[in-house]
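User: Please take a close look at one part of this model. I want the surroundings of the ligands, and then how they sit against the rest of the chain.

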Amino acid sequence: MCTGRVELEMVLRAFLNGADGVFIGGCRLSECNYTTQGNYDARNMVLLCKKIMSYAGLNPDRLRIEFMTSGDGILFAEIMNDFGRQVKVAGPLGAGEGIAMDELKSRLIEIIRLVPYIKIKSNEKLGMRPETQEEYERLFTDEDVDRLFGEIESYYIDPEKCQSCGICARKCPVEAISGAKKSLYIIDQDRCIKCGTCLESCPPRFSAVNKQLSRLFG
Ligand code: SF4
Ligand code: SF4
């Protein structure tokens with residue numbers, strides 16, 4: 001499939017399932033046969049994913065993306081051999097990082113739960129087409145990811161202020177808000193993708209939705 005369809009969640013899930021390394025091979029940049037240029041999307045996603053891996057304590061060398069054509073058989077073999085060596089140096093997942101597998105898995109599960117939020121927050125940059133290596137490396141920095149995970153938004157409905165009008169529940173894109181007339185409206189935090197629509201849609205005269213910020217792994 002097109003590398004543009006390789007989702008951030010798929011890569012994180014591969015590591016959650018115990019993969020020591022993930023390799024993504026795509027068509028050469030600017031040589032997309034269609035108009036989607038999905039390989040740029042994949043390249044940006046990989047950079048973001050590497051920064052997220054570093055934040056979580058995983059060795060980012062476990063993830064690699066390369067671009068080539070179907071005629072690049074020798075190049076492909078060389079790259080795969082090199083990646084194999086790279087993963088061997090990184091060591092078995094978890095052991096190589098000095099992190100117990102249970103701890104590593106719980107970190108990955110927390111991050112996977114935040115993927116929709118990460119995509120909402122990074123959407124603009126994920127769609128960019130950096131031309132130079134320098135521009136590409138500046139797209140997502142360690143500081144960007146530290147900021148992203150240092151101020152994770154969560155939304156709560158204040159039962160003292162909520163008038164049970166149901167507007168937020170009707171506008172929530174993932175049906176994370178439950179309630180009924182004359183009863184409490186509640187946000188299911190496991191289902192919420194932190195889009196902020198409920199905060200924006202609650203009538204100002206009620207202002208019943210609160211936003212709280214917290215740090216991942218904090
Ligand atoms: S933040 Fe978005 S997903 Fe979460 S409850 Fe509000 S509207 Fe629904
Ligand atoms: S929109 Fe505001 S007042 Fe209406 S149900 Fe939601 S939180 Fe309550």
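Analyst: The shell around ligand 2 holds 10 nonpolar, 3 polar and no charged residues. Here Ala, Val, Leu, Ile, Met, Phe, Trp, Tyr, Cys and Pro count as nonpolar, Asp, Glu, Lys and Arg as charged, and the others, Gly among them, as polar. That shell has 13 residues, and Cys162, Cys165, Cys168, Cys202 and Ala208 come nearest. A residue is near a molecule if its C-beta atom, placed from the backbone, lies within 6 Å of it.

The model is predicted: local features need pLDDT of at least 70, side-chain atom pairs count only at pLDDT 80 or more, and totals for chains, interfaces and linings use all residues. Residues are numbered from 1 along each chain as its sequence is written, while chains are lettered from A and ligands numbered from 1 in the order in which they are written.

Ligand 1 is also surrounded by 13 residues. Cys172, Cys192, Cys195, Thr197 and Cys198 are the closest. By class, its shell has 10 nonpolar, 2 polar and 1 charged.

Now the domains. Domain 1 spans 3-150 and domain 2 spans 152-214; such bounds come from an automatic or database domain assignment. Their centres, taken over C-alpha atoms, are 33 Å apart. The contact takes 5 residues from domain 1 and 4 residues from domain 2; two residues are in contact if their C-beta atoms, placed from the backbone, lie within 7 Å. On the domain 1 side, the residues that touch domain 2 are 5 nonpolar, no polar and no charged.
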